[in-house]
Amino acid sequence: MSGASPTCHWLVWAADAARTQSEVTLASLPGDSAACRKTVTFDHLAYTLERIANATVADYPYPHLVIQDVFEPRLYQCMLQELPKKNAGYKRLFPGVERYEIALSRKVPDPKKAKKGKVAALPDPGPFWKSFSQVFGSRAITSAYLRKLHATVALRDPHIFSYQKRLYWNMALSRDMTGYAIGPHTDSRGKVVTVLYYLPKNNSAPKDAGTCVVCPYVSTRHTPTP
C-alpha cells in the first residue's frame, strides 16, 4: 500500500492470542459443565467493565486498547467449553474465503423484508451464546468503550453520547482457517468501535498471531547537500 511501512505492528485486542487469560487452563478450574449451560450475567460483565475502565489507551499508530484478562476467568472457561466443536454451525462468510462465522447479534435488513423495515432472524446460537450476546452487547459495555475512546470517537461526532441508544452491535463467533488472509484495508466507516476478542485454549499460538496494523511510512534518509 502506498505510503505504508512494510513493518507490521501486531496488536492483540482483549484476550491475548499468544497467552491464555492469566495462564488459566481448563484443568486449573472446577470443570462444572452444568454451570456453563446457565446464562451469562451482568456480574460477569462487571468484571469486563472494570478491565476496560482500567486499560491504558495506546496512541500509536492510532488510539486503541490491548486488554489481557478481559473476561472473568470462570466465564472464560465456559466460553471455551461452549465453542462449537470443529466447524459445527459455522457458515462460510463469502464463497472461496476461508473465514467462517456464527452470527450472535446483527442488525442487517433482510433484502426481502427491507421495504417493511424488518430484520432477518438469526439462527439460535444456543442459550449460552444468546445470553452472552445480550449481556456483552448491552448499553453498559457500549458506554464503556465510548468513554474510553471518546477523544477519538468525538472527532467523528462530538454528540455521540446523545444518540448512543441507536448504536448496536454486530457480533459473531469467527473462525479463520488455513489459507485465509486479507490485505491492508481501512475498516468500515459504518463502525464506531471495532472489538476483537481472541479466545485461545492454551499458549501454543505463535507470538505474531493477531491483527497486523500497517503503520505510516516515515523516511529517515536525507538528500545529500551538493
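These legends go with several close-up views of a predicted model.

**View 1. The whole chain, element by element.**
The protein has 5 helices and 5 strands. Starting at the N terminus, they come in the order β-α-α-β-β-α-α-α-β-β. Of its 226 residues, 31% count as buried. As for contacts with a separation of 6 or more, 77% are between residues 24 or more positions apart.

**View 2. Inside the largest nonpolar core.**
This core is made of 34 residues. If you want a place to start looking, go for Phe 71, Met 79, Trp 129, Phe 132 and Phe 136, the residues with the most contacts inside it. Helices H1, H2 (73-82), H3 (127-135) and H4 each put in at least two residues, and so do strands S3 (99-105) and S4 (171-176). Which element gives the largest share? That's H2, with 5 residues.

**View 3. Zooming in on Met 79.**
Here we sit at Met 79, one of the residues with the most contacts inside the core. Leaving aside residues up to four places away in sequence, Met 79 touches Phe 71, Phe 128, Trp 129, Phe 132 and Leu 199. Of these neighbours, Phe 71, Trp 129 and Phe 132 are also on the list of residues with the most core contacts.

**View 4. Helix H4 and what covers it.**
Helix H4 spans residues 139-148, and its buried residues are Ile 141, Thr 142, Ser 143, Ala 144, Tyr 145 and Leu 146. The cover over them includes helix H1 (42-53) and helix H5 (150-156).

**View 5. The three-stranded open sheet.**
The strands line up as S2-S3-S4, and the pairing is antiparallel. Strand S2 (91-92) and S4 are the edge strands: each has a single partner, so one side of each has no neighbour in the sheet. S3 and S4 are joined over 6 bridges. Across that pairing, Arg 99 stands opposite Asp 176 in S4.

**View 6. A salt bridge across the sheet, Asp 176 to Arg 99.**
The side chains of Asp 176 and Arg 99 meet in a salt bridge, at 2.7 Å from N to O. It ties together distant parts of the chain, with Asp 176 in strand S4 and Arg 99 in strand S3, 77 residues apart. Neither end is fully tucked away: Asp 176 is partly exposed at 40% relative accessible area, and Arg 99 is partly exposed at 25%.

**View 7. The other salt bridges.**
The structure holds 3 salt bridges. One of them joins the side chains of Glu 98 and Arg 92, at 2.9 Å from N to O. Glu 98 is partly exposed at 25% relative accessibility, and Arg 92 is partly exposed at 39%. Another brings the side chains of Asp 187 and Lys 191 together at 3.2 Å. Asp 187 is partly exposed at 41%, and Lys 191 is partly exposed at 40%.

Conventions:
Residues are numbered from 1 along each chain as its sequence is written. This is a predicted model: local features need pLDDT of at least 70, side-chain atom pairs count only at pLDDT 80 or more; totals for chains, interfaces and linings use all residues. Side-chain values use heavy atoms; hydrogens and water are left out. Helices (H or I, at least four residues) and strands (E, at least two) are DSSP runs, numbered from the N terminus. Buried means under 20% relative accessible area, exposed over 50%, partly exposed in between (1.4 Å probe, protein chains only). Contact means heavy atoms within 4.5 Å. A nonpolar core is a set of buried Ala, Val, Leu, Ile, Met, Phe, Trp, Tyr and Cys residues joined through side-chain atoms within 4.5 Å. Two strands pair if DSSP finds at least two bridges between them. A salt bridge is a side-chain nitrogen of Lys or Arg within 4 Å of a carboxyl oxygen of Asp or Glu.
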